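Morning, everyone. Please have the sequence and the structure open while I talk.

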Amino acid sequence: MRYERLAAVTLTCLAATGCGERSTATKEPSPTPAASAASARDVHSYSNPAEVRVRRVDLDWDVLFDKKILRGSAALSLERPAGGRATSLVLDTRDLTIEKVESSPDGAAWAVASFSLGPSDPILGSALTIRVPENATQVRIAYETSPKASGLQWLEPPQTAGRKDPFLFTQSQAIHARSWIPLQDSPQVRFTYRARVRTPKNLVAVMSAGNDPEAPRDGDYGFEMPQPIPSYLVALAVGDIGFAPISPRAGVWAEPSVVDRAAREFSDLESMLRAAEELFGKYRWERYDVLVLPPSFPFGGMENPRLTFATPTILAGDKSLVALVAHELAHSWAGNLVTNATWRDFWLNEGFTVYLERRIIERVYGVRRAGMEAVLGLQDLEKEMAGLPEKDQILHVDLGGRDPDDGFTDVPYEKGALFLRHLEEVFGRQRFDRFLRGYFDHFAFRSITTEDFVQYLRANLLDESPGLAGKVPVDEWIEKAGLPATAPRPKSDALAPVEAAAAGWREGKIRAADLPAQDWSTHEWLHFLRALAPALPKEKLAELDTAFRLTDAGNSEIANQWLLLAIASGYDPAYPRLERFLTSMGRRKFLKPLYEELVKTPEGKTRALAIYRKARATYHPIAVATVDKIVGWSG
Ligand code: BES
Ligand code: ZN
């Protein structure tokens, strides 16, 4: 059994000087006290954590690739508030087959418990209500997942880089953990976990927990996560996965043919960690590794604690897209340490994280690059907000009756980051940084609502300087649509010449071959291409393509921007590349705008459907849900 081994390794590590100083495992973080801030109503969970709360989870699974299911059990340790006598535990599930439920007063003697599974709601799934005796401190659920579980993607060998072995990965955020684990699937419930995972012998399992690169490939893996985390951060991947270290506490996991390329791309990981620690306080999760997934991963990145999951589309070869890693790393403070209590508080996770991400980039790669990224971010926000109903332009968004995935727009990200930037500008960087460090310490390992944040902000920043506070319309930022008139407008000196070049070329004053583009970075190219939107005559695109071979661009962000322009302009030489792009990766950030652009014309719609017919089976369920709506898929 590997539990003992892992525990032994941790202890040795903690005993050693240096490691113990950095590690927080020495003083076990205390989970949220039952009567803390985190008791807000979560409309996306059936669970009843105010009455009985899950504190620890023991997982045990067989990973069955032939059936595309996980089969096993989840044992949940329960806690009731002082004097609480709840006898009914309500869990979230989606498409799970429950085989047996037991309860125990002590974890030793188990008795069969009665349970009922409620009707299936398309967004929330089914409530699993378990009768637990008043003295029960544990329940154990034997179950299996469905092959169509929304939080799992089972890849066939051809969908991997190695093309030899199958691959499985999970994606739990926002409310998909319930499709593979029965639990209180609400971000205000934090628990520690252990897991035992049996896989085919030649494959490796990793989780958002302690991972051991030295573990023998024997098909039996043990994990322990000692810090309390919310359910949306539980993660598992299984495949032909190897490891390369970057520093003593950071490294990359990926398929063997990708791992060296990934290690080169992310060679600044340790510098990023140090920058982040200098800015926001010590890193509390011991290790930081990145797992590069096969290309169907539907997101750019996912901040699973200790093990960020990332798309291979950021392996540009020149580190130009590593802001994504800075972003996921920043979640180690904003999101994973201080967590949104409900999905309407999502901006607390993502707005803070984008702000921190840019601060890390500024430290490691300089002001110029951080400035360009801020300008591109503002452009994204303005473009997206223009098409959003007012209610979705609000940071503290109302998601009642809706899928929390609908809240995934640039508003929580970029508007949230602008709000923090505004606070920084008004109060000065030094003071704001002190405030931020205090905030992360104060709420560490807790889940908080927008109201908790505002209260803390008033008490620890605004009320100290009423004069300055008067310049920040807090309520308008958080509860109103659009941007306040005094919102910061990031500008970049580096991008001004690019705008001039775009205008000059568009008007025919400069030839493509004479554009000063030889030294342009990815960011400058993106800005240039955006400045040409929405469309150009085909001949103009041909001229640009001849000069710079944009149709062959290997950088995924540049390819995406170019293909958008190509579709809008009817530039058909780019269509084969478009089809290759859409059939070779499943990142929703690229799929969504490209399919949306395609369906704007009847011919484009036909093309979109022809491509989607081939690609659909390779996309993740989350991406499928998005693209089905765009193309009006009916089978
Ligand atoms: N936590 C998010 C991903 C997420 C959000 C998944 C909501 C499911 C529901 C992650 O940190 C993220 O924001 N990823 C971005 C990249 C980032 C650089 C903006 C992405 O995947 O595009
Ligand atoms: Zn994020």
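One definition before anything else: buried means under 20% relative accessible area, exposed means over 50%, and partly exposed is in between, with a 1.4 Å probe and protein chains only. Now the ground rules. This is a predicted model: local features need pLDDT of at least 70, side-chain atom pairs count only at pLDDT 80 or more, and totals for chains, interfaces and linings use all residues. Residues are numbered from 1 along each chain as its sequence is written, chains are lettered from A and ligands numbered from 1 in the order in which they are written, and side-chain values use heavy atoms, with hydrogens and water left out.

Start with Gly-570. Is Gly-570 buried, exposed or partly exposed? At 23% relative accessibility, Gly-570 counts as partly exposed. Gly-570 lies in the loop between helix H16 (556-569) and H17. Helices here (H or I, at least four residues) and strands (E, at least two) are DSSP runs, numbered from the N terminus. Leaving aside neighbours within four places in sequence, Gly-570 is in contact (heavy atoms within 4.5 Å) with Lys-538 and Tyr-575. Arg-446 is 124 residues away along the chain from Gly-570, and their C-alpha atoms are separated by 51 Å.

Next, Ser-186. Ser-186 sits in the loop between strand S10 (167-170) and strand S11 (190-198). Ser-186 is buried, at 1% relative accessible area. Not counting residues up to four places away in sequence, Ser-186 touches Asp-42, Ser-45, Ser-47, Ser-231 and Ala-341. With Asp-42 there is a side-chain polar contact of 2.7 Å. A polar contact is a pair of N or O atoms within 3.5 Å; within protein, one must be able to donate a hydrogen and the other to accept it, and residues adjacent in sequence count only if both atoms are side-chain atoms.

Now two helices. First, H19, residues 602-615. The expected span of a helix is 1.5 Å times one less than its number of residues. For the 14 residues of H19 that gives 20 Å, and the end C-alpha atoms are 20 Å apart, which agrees. Which residues of H19 are buried? Gly-604, Ala-608, Ile-611, Tyr-612 and Ala-615. They cover an arc of only 100 degrees around the axis, so they are on the same side of H19. That arc is taken from the directions from the helix axis to the C-beta atoms. The face turned away carries exposed residues, including Glu-603, Arg-613 and Lys-614. Cover for the buried residues of H19 includes H17 (575-584), H18 (588-598) and H20 (621-631).

Then H9, residues 429-442. The buried residues of H9 are Phe-432, Asp-433, Phe-435, Leu-436, Tyr-439 and Phe-440. They fall within an arc of 160 degrees, so they line one face of H9. On the other side, Gln-430, Arg-434 and Asp-441 are exposed. Among the elements that the buried residues of H9 pack against are H4 (269-280), H6 (346-365) and H8 (410-427).

Last, strands. Two strands pair if DSSP finds at least two bridges between them. Four strands form an open sheet, in the order S9-S10-S14-S12, with antiparallel pairing. S9 (152-155) and S12 (204-207) stand at the edges with a single partner strand each, so one side of each has no neighbour in the sheet. S12 pairs with S14 (236-239) over 4 bridges. There, Val-206 stands opposite Ala-237.

Elsewhere, S3 (88-93) and S7 (126-131) pair antiparallel over 6 bridges. Ser-88 has Arg-131 in S7 as its bridge partner.
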